[in-house]
Amino acid sequence: QQYNNNPEILREILRYVFEAVKQLPRMEEKELLPVFAAKLTGDPHYFDAGTVAERLLFIILSACWQETKDRELSEAERKNQIFYRAGILKDDLSNDTLVYGIRAWKHNGNLHKGIEGFFREKDILQLSLNVIARLSQIRCRDNEIYIVENPSVFAMICEEKSCMCMNGQPSLSCLMVLELLARSGTHVFYSGDLDPEGMLIAQKLSRFYPGRFTYWHMAEEDYKVCQSQEVLSERRLKMLEKITDERLLPVVNNMVRCRKAGYQENLHWCSLDMQ
């Protein structure tokens with residue numbers, strides 16, 4: 001279509017796209033997409049989402065990182081991840097995740113002193129994608145991390161264990177932290193809302209994470225405790241048909257029968273053991 005509209009413009013776009021592939025940053029030296037575009041073309045918006053240049057660049061990059069195609073990711077998530085693997089940050093400071101009780105090392109092997117400070121002070125850290133991109137390793141207390149969907153629950157459980165907050169649908173920063181945790185052989189314990197959307201997020205994370213992954217407080221007894229008065233619509237109940245993980249099916253069957261949503265804030269977190 002672009003060729004039919006103006007072949008000369010397409011020729012110029014292809015020249016910049018091929019030059020972009022040749023000049024991709026190294027993994028440990030990631031660069032923001034507008035900065036990368038400005039250096040290459042003089043226009044920071046040259047590879048903006050939806051442009052022919054961005055679409056062509058994505059086609060080439062996705063052919064180089066095909067392993068992401070089988071992951072449980074939306075098209076937007078997959079695109080962000082592929083650009084990230086190529087050394088380009090499509091989103092930086094607005095893409096972050098809350099963590100607690102972690103230690104991290106940079107690509108040069110040195111301990112990240114800023115993250116170490118939060119670890120020693122036992123403070124919650126807002127970890128941006130920019131910082132994550134400079135890390136080669138993340139380690140947790142007892143080689144375990146407890147991950148929850150909601151910020152309010154996250155604030156309640158941050159004590160002696162390493163913790164992380166998804167804050168709903170997992171962002172690219174969350175997924176990249178998971179990949180670093182997998183390299184360290186970290187055992188993930190995940191707890192989310194016991195509603196259709198929450199169950200799908202849990203299954204997505206379980207399939208994404210290549211290491212040991214345990215559903216935490218997502219059993220039938222937990223659903224009974226956290227069940228709300230919110231009646232699930234037929235559309236939302238239909239979403240449960242996508243749940244195939246046998247570990248989640250007892251709750252799914254209960255949810256179909258009761259037709260009620262369960263929210264993890266309703267669990268008595270102060271009295272729950274981290275196990």
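**A cavity and a helix pair**

A search of the whole structure, which is a predicted model, finds 1 cavity of 30 Å³ or more. The volume of the largest cavity is about 30 Å³. Rolling a probe the size of a water molecule over the atoms is what shows where such empty space is left.

The lining of the largest cavity consists of Val99, Tyr100, Gly101, Ile102, Ile115, Phe118, Phe119, Asp123 and Leu125. By class, these lining residues divide into 7 nonpolar, 1 polar and 1 charged. Strand E3 (96-100) and helix H6 (113-121) each contribute at least two residues to the lining. H6 gives the most, with 3 residues.

The second feature is a pair of packed helices. Two packed helices are described by the angle between their axes and the distance between the axes. For helix H4 (residues 52-64) and helix H5 (residues 75-85), the angle is about 75 degrees and the axes lie 10 Å apart. Angles of 65 to 115 degrees count as roughly perpendicular, and H4 and H5 are therefore roughly perpendicular to each other.

On the H4 side, the contact is made by Glu54, Leu57, Phe58, Leu61 and Ser62. They meet Glu75, Arg78, Lys79, Ile82 and Phe83 in H5. Taken together, the residues of the contact of H4 with H5 divide into 5 nonpolar, 1 polar and 4 charged.

How values were computed. Residues numbered from 1 in each chain as written. Predicted model: local features only at pLDDT ≥ 70, side-chain atom pairs only at ≥ 80, totals over all residues. Heavy atoms only, no water. Axes fitted to C-alpha atoms, helices over the stretch in contact; angles between N-to-C directions. Helix = DSSP H or I, 4+ residues; strand = E, 2+ residues; numbered from the N terminus. Parallel < 35°, antiparallel > 145°, perpendicular 65-115°, else oblique. Contact = heavy atoms within 4.5 Å. Nonpolar A, V, L, I, M, F, W, Y, C, P; charged D, E, K, R; others polar. 1 Å grid on protein atoms, 1.4 Å probe; cavity = no way out; pocket = protein on both sides within 12 Å on 5 of 7 lines; lining within 4 Å. Points joined across faces, edges and corners; volume = space filled by probe spheres on them.
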